[in-house]
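Hello,

The structure you asked for is below, and after it come my notes on what was found. Please read them with the model open beside you.

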Amino acid sequence: MEWFEALILGLVQGLTEFLPVSSSGHLAIGKALLGVEPSGDLVFEVTVHAATVLATIVVFRKQIWKLLCGLFKFKYNDETDYIAKLCVSMIPVFVVGMFFKDKVEAAFSSMLVVGICLLVTAILLTLSDWLSGRVQAAVKESRNGISFWQALVVGVGQACAVLPGLSRSGTTISSGLLCGVKRENMAQFSFLMVLVPILGETFLDLVGGDMIASSTGVLPLMIGFVAAFFSGLFACRVMIALVRKAQLKWFGLYCALVGLAVLIFLA
């Protein structure tokens with residue numbers, strides 16, 4: 001991978017991470033259009049995801065600090081309850097990372113998978129727009145706006161979204177809306193629940209030597225990280241409000257069009 005390719009892909013990652021359009025799917029499409037050969041590992045993907053996670057920490061630093069302060073009061077308060085639900089949401093993706101990592105890596109080389117998963121994302125976004133109001137009226141709101149069972153359902157959505165083309169934010173927000181969580185509560189939960197899994201994967205890659213051994217190269221990884229971080233900062237600040245308020249069906253329409261284009265021209 002050349003440095004300018006890493007720059008473009010890093011920008012793509014940062015700008016698409018916070019919209020329900022699948023940053024991983026757009027990375028795969030970007031690689032295909034640029035002619036970047038699959039590296040056989042997910043080190044570049046993990047690196048640029050870590051950059052957007054760092055951008056998330058910067059943007060949500062006040063909320064994260066409040067959660068940590070509440071946690072270290074060593075009593076069951078709203079902050080402890082919220083962190084416990086975040087931990088529950090991480091269980092499914094931990095299972096996938098432990099037992100299905102090789103299969104997930106193989107999926108990143110298949111544009112057919114990307115196209116199909118983008119269409120699935122489109123369906124989920126459209127359904128959540130149509131049905132969320134009815135479901136919310138039937139489900140009693142829980143403490144912090146989300147219950148433990150809803151957090152687990154959202155976690156299953158995040159675990160499925162490791163596939164390229166299946167938007168993580170789109171899948172988690174849609175899953176939450178379809179089981180009765182309000183959009184204003186789901187947006188923040190969706191962005192915070194990814195922090196530990198991505199940072200943990202990055203740490204394991206560093207400790208295990210995968211970063212150095214990756215065929216991508218250190219310089220493209222660094223350039224991709226910086227590009228994803230700064231574009232992610234911009235996207236996070238500007239677009240989170242859009243995700244909270246905009247109708248998700250329009251993002252679904254975009255995903256459907258891109259998914260069809262991928263199946264027709266790239267698969």
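**Helix pairs**

The axes of helix 7 (residues 111–138) and helix 9 come within 7 Å of each other and cross at roughly 25°. Helix 7 is therefore roughly parallel to helix 9; angles under 35 degrees count as roughly parallel, over 145 as roughly antiparallel, 65 to 115 as roughly perpendicular and the rest as oblique. The crossing of helix 7 and helix 9 is left-handed (the near helix is turned anticlockwise from the far one by less than a right angle; if clockwise, a crossing is right-handed). On the helix 7 side the contact is made by L124, L125, L127, S128, L131, S132, V135 and Q136, and on the helix 9 side by G170, T171, S174, L177 and L178. By class, this contact of helix 7 with helix 9 has seven nonpolar, six polar and no charged residues.

Some terms used here need their cut-offs. The model is predicted: local features need pLDDT of at least 70 and side-chain atom pairs count only at pLDDT 80 or more, while totals for chains, interfaces and linings use all residues. Residues are numbered from 1 along each chain as its sequence is written, and side-chain values use heavy atoms, with hydrogens and water left out. Helices (H or I, at least four residues) and strands (E, at least two) are DSSP runs, numbered from the N terminus. Axes are lines fitted to C-alpha atoms, for helices over the stretch in contact, and angles run from 0 to 180 degrees between N-to-C directions. Contact means heavy atoms within 4.5 Å. Ala, Val, Leu, Ile, Met, Phe, Trp, Tyr, Cys and Pro count as nonpolar, Asp, Glu, Lys and Arg as charged, and the others, Gly among them, as polar.

Helix 9 (residues 168–178) also packs with helix 10 (residues 183–192), at an angle of about 140° and with the axes 9 Å apart. That makes helix 9 oblique to helix 10. Their crossing is right-handed. R168, S169, T172, I173, G176 and L177 in helix 9 meet R183, M186, S190 and F191 in helix 10. This contact of helix 9 with helix 10 has four nonpolar, four polar and two charged residues.

Helix 3 (residues 43–59) and helix 4 (residues 61–71) have axes that come within 5 Å and cross at roughly 75°. The two helices are therefore roughly perpendicular to each other. I57, V58 and V59 in helix 3 meet R61, Q63 and I64 in helix 4.

**Single residues**

L71 lies in helix 4. With a relative accessible area of 30%, L71 is partly exposed (buried means under 20% relative accessible area, exposed over 50%, partly exposed in between, with a 1.4 Å probe and protein chains only). Leaving aside neighbours within four places in sequence, L71 is in contact with E79, T80 and I83.

Most residues other than glycine have a negative phi. Which value does phi of S22 take? It is near 75°, a positive value in a residue other than glycine. S22 sits in the loop between helix 1 and helix 2 (23–34), and S22 counts as buried at 1% relative accessibility. Phi of F74 is also positive, near 55°. F74 is in the loop between helix 4 and helix 5 (78–99) and is exposed, with a relative accessible area of 69%.

Regards
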